[in-house]
Amino acid sequence: MNETLLLFLLGAIGFVAGVINTMAGGGSLLTLPMLIFMGLSPAVANGTNRIGIFIQSITSIAGFKSKGIKPTSFGLYLGVSALIGSIIGAQIAVDIKGETFNRILAVVMVVVVFFMVFKPKAKLENLVERLQGKHLWISILAFFFIGIYGGFIQAGVGIFILLALTSINYMGLVKSNAVKVLVVFIYTIGALAIFAYNQQIDYIYGLVLALGNASGGWIASRWSVKKGDGLVKVFLVIMVIAMAIKLWLDN
């Protein structure tokens with residue numbers, strides 16, 4: 001396929017992923033397979049994907065802020081905890097053998113996409129937010145482990161962040177999404193530094209992806225959109241299972 005067309009397609013998929021990441025999570029289940037399809041190894045695709053995530057987080061934060069939802073100290077505490085975890089996770093991803101990483105990625109992609117399809121919907125009516133005391137400390141601990149996962153592989157981390165915020169802290173989904181993009185921004189700094197130091201980033205693909213991610217993140221953070229959940233879920237299931245089989249058998 002023509003390189004220019006591939007870059008355009010990468011940017012378009014990045015846009016869709018930016019919307020999905022900001023509204024819920026799981027956009028990396030689109031971008032990672034696309035980067036691998038374009039010829040990157042799974043390890044380099046994992047690192048390259050972080051450029052798009054980082055830039056997207058900036059525009060998403062700006063989008064939420066423009067609508068009156070500003071970063072809070074609660075989000076900063078969770079972000080710092082996740083940052084420490086992400087450095088550990090990213091270093092594990094760099095050090096692990098290629099064939100082992102491929103198989104872990106294959107399993108994680110299948111598990112996350114099925115969690116996206118079958119996860120229960122949160123019911124937050126008439127619940128009071130729990131942002132202090134023991135619930136704050138429980139969240140800080142939880143986000144350390146979320147940071148390890150996010151630093152290692154990223155795919156689907158937004159879903160786990162939303163699950164933690166809604167179940168531990170009883171936060172509404174709009175505020176949870178705003179906290180989520182702040183946390184991802186903070187911990188991606190550490191993960192990106194580790195991947196860059198180990199030369200596991202393709203900067204051209206990463207910047208094209210970032211353009212799409214950032215546009216999608218900005219739009220999704222400013223306007224509520226009706227997601228075609230059914231179509232997206234069917235597409236993700238088919239694509240992720242196919243890519244997981246390929247990753248497993250290529251070893």
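This report walks through a predicted model of a single chain, from its overall make-up to a few individual residues.

## The chain as a whole

The chain has 251 residues, of which 51% are buried. Its secondary structure consists of 10 helices and 0 strands, so written as a pattern along the sequence the chain reads α-α-α-α-α-α-α-α-α-α. Among contacts between residues at least 6 apart in sequence, 85% join residues at least 24 apart. The accessible surface comes to about 11,900 Å², and 71% of that area belongs to carbon and sulfur atoms.

How far can you trust the coordinates? The mean pLDDT of the chain is 81, with 81% of its residues at 70 or more. Among the elements, helix H4 (residues 73-95) has the highest mean pLDDT, 93, while helix H10 (residues 229-249) has the lowest, 58. Over residues 224-229 pLDDT stays under 50, and the model has 3 contacts beyond four places in sequence for this stretch. Where pLDDT is low, the predicted coordinates should not be read in detail.

Helix H3 covers residues 42-66, and its 25 residues reach 36 Å from the first C-alpha to the last, close to the 36 Å expected at 1.5 Å a residue. H3 is mostly covered, with 18 of its 25 residues buried. Just after H3 comes Gly 68, with a positive phi of about 90°.

Helix H6 takes up residues 133-152, a run of 20 residues. At 1.5 Å a residue H6 should span 28 Å, and because its end C-alpha atoms are 29 Å apart, the model agrees with that expectation. Several residues of H6 are buried, among them His 135, Leu 136, Ser 139, Ile 140, Phe 143 and Ile 146. The buried set also includes Gly 147, Gly 150 and Gly 151, along with Tyr 149 and Phe 152. H6 is followed by Gln 154, whose phi is positive, near 70°.

## The nonpolar cores

Which residues touch the most other members of the largest nonpolar core? They are Leu 78, Phe 143, Ile 161, Leu 165 and Val 183, in a core of 51 residues. The largest share of this core, 8 residues, comes from helix H8 (residues 173-197). A second, separate core has 6 residues, including Phe 64, Ala 178, Leu 182 and Ile 186.

Not counting residues up to four places away in sequence, Val 183 touches Gly 75, Leu 78, Gly 79, Ala 82, Phe 143 and Ile 161.

Gly 75 is placed in helix H4. Its relative accessible area is 0%, so Gly 75 counts as buried. Leaving aside neighbours within four places in sequence, Gly 75 is in contact with Val 179, Leu 182 and Val 183. The C-alpha atoms of Gly 75 and Ile 140 are separated by 9.8 Å, although these residues are 65 apart along the chain.

## Two threonines

Thr 31 is found in helix H2 (residues 28-37). With a relative accessible area of 1%, Thr 31 is buried. Beyond its neighbours within four places in sequence, Thr 31 is in contact with Ile 13, Gly 14, Ala 17, Asn 49 and Leu 209.

Thr 166 sits in helix H7 (residues 157-168). Is Thr 166 buried or exposed? Its relative accessible area is 8%, below the 20% cut-off, so Thr 166 is buried. A polar atom of the Thr 166 side chain lies 3.3 Å from the backbone oxygen of Leu 163.

Most residues other than glycine have a negative phi. Tyr 170 has a positive phi although it is not a glycine, and phi of Gln 199 is likewise positive in a residue other than glycine.

How values were computed. Residues numbered from 1 in each chain as written. Predicted model: local features only at pLDDT ≥ 70, side-chain atom pairs only at ≥ 80, totals over all residues. Heavy atoms only, no water. Helix = DSSP H or I, 4+ residues; strand = E, 2+ residues; numbered from the N terminus. Expected span 1.5 Å × (residues − 1). Buried < 20%, exposed > 50% of the residue type's maximum accessible area, 1.4 Å probe, protein only. pLDDT = per-residue confidence, 0-100. Contact = heavy atoms within 4.5 Å. Areas by Shrake-Rupley, 256 points an atom, 1.4 Å probe, with all protein chains shown as cover. Core = buried A, V, L, I, M, F, W, Y, C linked by side-chain atoms within 4.5 Å. Polar contact = N/O pair within 3.5 Å; in protein donor to acceptor, adjacent residues only side chain to side chain.
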